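Subject: Structure for you to look at

Hello,

Please find the structure below.

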Amino acid sequence: MFRCNNIASDWATRIGVKPTQVQIRPMNTKWASISTSGRMTLSSELLSLPKELGEFVIVHELVHLLVPNHGKVFKSFMLAYMPDWEIREQQIQTYANKELSDKVDRRSNPKNKARE
Ligand SMILES: [Zn+2]
């Protein structure tokens with residue numbers, strides 16, 4: 001079974017970030033999201049996917065604690081921690097048409113952050 005919490009804390013240590021909370025719940029349009037304060041929400045659907053895909057989503061979210069957008073710096077972190085991340089990104093899109101994640105937007109108002 002895919003154990004989000006263990007995997008998330010292992011990766012957080014490796015990347016050097018500290019998510020304040022990891023929550024798993026059904027999400028209709030996203031695989032996961034993370035707030036600037038470090039609250040990570042994972043779609044419960046991830047539990048039934050291959051482990052490497054859930055792991056990819058977690059790493060993606062954790063890297064957002066270093067880089068809030070999907071720019072070049074973000075991609076170079078992804079490459080450093082997970083060299084095959086682009087393959088995993090393509091694979092996960094074959095399971096469901098969900099967005100990979102929220103871009104963490106520091107300017108957005110708190111209502112938007114709470115949204116899925
Ligand atoms: Zn993202």
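Two strands are taken to pair if DSSP finds at least two bridges between them. Strands of a sheet pair through backbone hydrogen bonds, either parallel or antiparallel. Please keep in mind that this is a predicted model.

Overall layout

The chain contains five helices and three strands. Along the sequence, these elements follow the pattern α-β-β-β-α-α-α-α. Of the 116 residues in the chain, 27% are buried. Among the contacts in the chain with a separation of 6 or more, 58% are between residues 24 or more positions apart.

The three strands form an open sheet, with the order 1-3-2 and mixed pairing. Strand 1 (21-25) and strand 2 (32-34) are at the edges; each has a single partner strand, so one side of each is left without a neighbour in the sheet. On average, neighbouring strands of this sheet are turned by 15° against each other, direction ignored.

Strand 2 and strand 3 run antiparallel and are joined by three bridges. A32 stands opposite L42 in strand 3. Helix 1 (residues 4-15) packs on this sheet, where it touches strand 1 and strand 3. The direction of helix 1 makes about 145° with that of strand 1.

A residue to look at: S43

Is S43 buried or exposed? A residue counts as buried if 20 or more other C-beta atoms lie within 10 Å of its own. S43 has 23 C-beta neighbours inside 10 Å, and therefore counts as buried. This residue lies in strand 3 (residues 39-43). Leaving out residues up to four places away in sequence, S43 touches P26, M27, K30, W31 and A32. For one of these, P26, the C-alpha atom is separated from that of S43 by 5.1 Å, although the two residues are 17 residues apart along the chain.

Helix 1 against helix 2

Two packed helices are described by the angle between their axes and the distance between the axes. The axes of helix 1 and helix 2 cross at roughly 45° and come within 10 Å. Helix 1 and helix 2 are therefore oblique to each other. The crossing in which helix 1 passes helix 2 is right-handed. On the helix 1 side, the contact is made by C4, I7, A8, W11, A12 and I15. On the helix 2 side, G54, E55, I58, V59, L62 and V63 take part. The residues of this contact divide into ten nonpolar, one polar and one charged.

Helix 2 against helix 4

Helix 2 (residues 51-63) also packs with helix 4 (residues 85-93), at an angle of about 110° and with the axes 9 Å apart. That angle makes helix 2 roughly perpendicular to helix 4. Here the crossing is left-handed, with helix 2 passing helix 4. Which residues of the two helices meet? From helix 2 they are E52, L53, F56 and V57, and from helix 4 they are W85, R88, E89, Q91 and I92. The residues of the contact of helix 2 with helix 4 comprise five nonpolar, one polar and three charged.

In short

Helix 1 packs on the sheet, and its axis also crosses that of helix 2. Helix 2 in turn packs with helix 4. In the sheet, the strand order is 1-3-2, and S43 of strand 3 counts as buried.

Regards

Methods:
Residues are numbered from 1 along each chain as its sequence is written. This is a predicted model: local features need pLDDT of at least 70, side-chain atom pairs count only at pLDDT 80 or more; totals for chains, interfaces and linings use all residues. Axes are lines fitted to C-alpha atoms, for helices over the stretch in contact, and angles run from 0 to 180 degrees between N-to-C directions. Helices (H or I, at least four residues) and strands (E, at least two) are DSSP runs, numbered from the N terminus. Angles under 35 degrees count as roughly parallel, over 145 as roughly antiparallel, 65 to 115 as roughly perpendicular and the rest as oblique. A crossing is left-handed if the near helix is turned anticlockwise from the far one by less than a right angle, and right-handed if clockwise. Two residues are in contact if their C-beta atoms, placed from the backbone, lie within 7 Å. Ala, Val, Leu, Ile, Met, Phe, Trp, Tyr, Cys and Pro count as nonpolar, Asp, Glu, Lys and Arg as charged, and the others, Gly among them, as polar. A residue is buried if 20 or more other C-beta atoms lie within 10 Å of its own, exposed if 12 or fewer, and partly exposed in between; C-beta atoms are placed from the backbone.
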